[in-house]
Amino acid sequence: MSDTTRQIDQMIPLCEPRMTGKEWDYIKDCLETNWVSSVGQYVDKFEGQMADYVQKKYAVACVNGTAALHTALLVAGIQPQEEVLVSGLTFVAPVNAIRYVGAYPVFIDVQPDTWQMDPQKVKNFLSNQCELKEGCLVNKTTKRRVRAILPVDILGHSVDMDPVLDVARQYGLFVIEDAAESLGALYKESKVGSKADISCFSFNGNKIITTGGGGMLVTDNRDWAERCRYLTTQAKDDPLESIHEEIGYNYRLTNIQAAMGVAQMAELDAYVKIKRSNAKKYHEGLSDIEGLSLPQEASWAKATFWLYTVLIDENVFGMSSREVLKDLKKEGILTRPFWHPAYRLKPFQSCYADQQEIVDKLYARGLSLPSSVGLKEEEQRRVIQKLKDCQKS
Ligand SMILES: Cc1ncc(COP(=O)(O)O)c(C=O)c1O
C-alpha cells in the first residue's frame with residue numbers, strides 16, 4: 001500500500017458508495033454471458049425498477065445524469081435562443097445541458113430555508129419580466145422566448161413542485177426536473193421526480209445509489225420515452241442499413257453498469273433510512289453551536305439528506321466555511337462548500353439572472369459534512385467534535 005493510499009484510507013470521505021448487495025454476482029453474470037454492452041436484461045430490469053419506484057410509466061437508462069438532462073431538453077423540443085428557468089444554486093450540469101441545446105439559462109433565486117428554487121420568484125419573473133408576443137412568452141430584457149422550467153432538487157430535498165407546476169401550466173411551459181441528488185426523497189406523498197413532465201437522475205459515484213456513472217430519464221409521455229431511446233442510441237432509423245435521419249448520441253448505459261444499478265436499487269430504501277438516521281444524529285450533536293444553522297426539512301418534504309449541509313455564519317461562528325473546510329481537512333475530514341453561484345461562472349455571465357440575493361448569501365456559508373451511507377458512529381462523533389473544536393480554536 002502506498003503512503004497516499006494509506007492516507008486516503010484514514011480520511012472520512014464526503015460521500016462514498018456502499019456495495020454490499022448483489023453487485024458482484026450480477027456483474028459476474030454479465031461477464032460470464034458476454035452481455036456487457038448497451039443492451040441486456042439488467043438494462044431492462046433497471047429501467048423497470050426505476051419506473052416503478054418513481055411511479056412513472058417509462059424509464060430510459062442513460063450514460064450519466066448530464067446526458068439525461070441533455071436528452072430531456074432535446075425531447076421537450078427546446079430550441080436554440082430559447083430560455084429555460086433554472087435554480088441559481090446548483091451543480092453546473094443542468095446549466096451546461098441548457099447550453100448544449102443552444103438555449104440560455106435564466107437563473108432564479110432560491111428559498112432561504114430550503115435552499116431550493118423559489119416558486120414565488122419563478123412566478124414574479126414570469127409575470128413581471130416577461131410578456132406575451134404573438135402567442136409566445138418572451139423575456140422583456142433578452143427578447144428570448146421562455147420555454148421551460150428546470151427545478152433542481154438539491155442535496156436530497158425536494159423543490160416545492162406544486163406551485164412550480166401550476167405556474168408552468170398557466171404559461172404553457174414544460175417542467176424538466178433535475179432530481180439527480182434526491183432519489184428516494186418525497187414531495188408530499190410522491191417520490192421526487194414523479195411530478196414533472198420529464199425527470200432526470202444520476203448514478204454517479206457520490207449519489208445515494210451508484211452505477212459508477214449512469215443516469216435515468218423518467219416520464220409518462222410514451223412518445224418522449226421512445227424519442228429518448230432513439231436519440232440516446234445514435235438515432236438509428238434502420239440499424240441494418242445504418243440509416244440515421246437525425247443526429248443521435250451514444251448515451252446508453254451498459255448492461256454491466258445497469259447490473260450494479262439493479263443490485264443498488266434493492267438497497268435504496270435502506271440507504272434512505274440510514275441517511276435520515278445519520279442526519280438526526282448530526283442534528284442532535286450540532287444543535288447548540290452558535291453561528292451554525294442546520295438543514296431544514298420543509299413541511300411538504302421528506303428529505304434523504306443526501307449531503308448533510310450546514311450554514312456557517314462567519315461573524316458568529318468565528319470562522320468562515322472555507323476556513324472550517326481547511327481545518328477539518330487537516331483532521332482527515334472531507335467536506336465540501338456550496339457551488340459557486342452559477343450566474344457568476346464565466347460561461348454564463350452574460351445570461352439573465354433574476355436577483356440572486358439568497359444564492360449569494362448561502363454560497364459563502366454552505367458546508368456539506370461527511371454523509372456516506374457507511375459513515376461509522378465513531379466517525380460521525382469525530383466530525384461533530386472537530387467542528388465544535390474549530391469554534392473554540
Ligand atoms: C444536481 C445535479 N444534476 C446533474 C448531475 C449530473 O449527473 P452526472 O454526474 O451523472 O452527469 C449532478 C451530479 O453529478 C447533480 O448534482
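## A pair of strands

Begin by selecting I198, which stands opposite T219 in β11. Please bear in mind throughout that this is a predicted model. Now extend the selection to strand β10 (residues 198-202) and strand β11 (residues 215-219), which pair in the antiparallel sense over 5 bridges. As a general point, strands of a sheet pair through backbone hydrogen bonds, either parallel or antiparallel.

## The whole sheet

Next, display the sheet to which these strands belong. In what order do its 8 strands lie? The order is β1-β11-β10-β7-β6-β2-β3-β16, in an open sheet with mixed pairing. Select β1 (58-62) and β16 (352-353): each has a single partner strand and stands at an edge, so one side of each is left without a neighbour in the sheet.

## A helix across the strands

Select helix α4 (residues 65-75). This helix lies across β1, β7 (174-178), β10 and β11, and runs at about 165 degrees to β10.

## Two domains

Finally, colour domain 1 (23-265) and domain 2 (268-392) separately. Their centres, taken over C-alpha atoms, are separated by 25 Å. Domain 1 contributes 38 residues to the contact, and domain 2 contributes 32 residues. On the side of domain 1 that touches domain 2, select β3 (104-108), α6 (119-128), β8 (186-187) and α9 (255-265), each of which supplies at least two residues. The largest share, 5 residues, comes from β3.

Definitions and conventions:
Residues numbered from 1 in each chain as written. Predicted model: local features only at pLDDT ≥ 70, side-chain atom pairs only at ≥ 80, totals over all residues. Pairing = 2+ DSSP bridges. Helix = DSSP H or I, 4+ residues; strand = E, 2+ residues; numbered from the N terminus. Contact = placed C-beta atoms within 7 Å. Axes fitted to C-alpha atoms, helices over the stretch in contact; angles between N-to-C directions. Domains from an automatic or database assignment.
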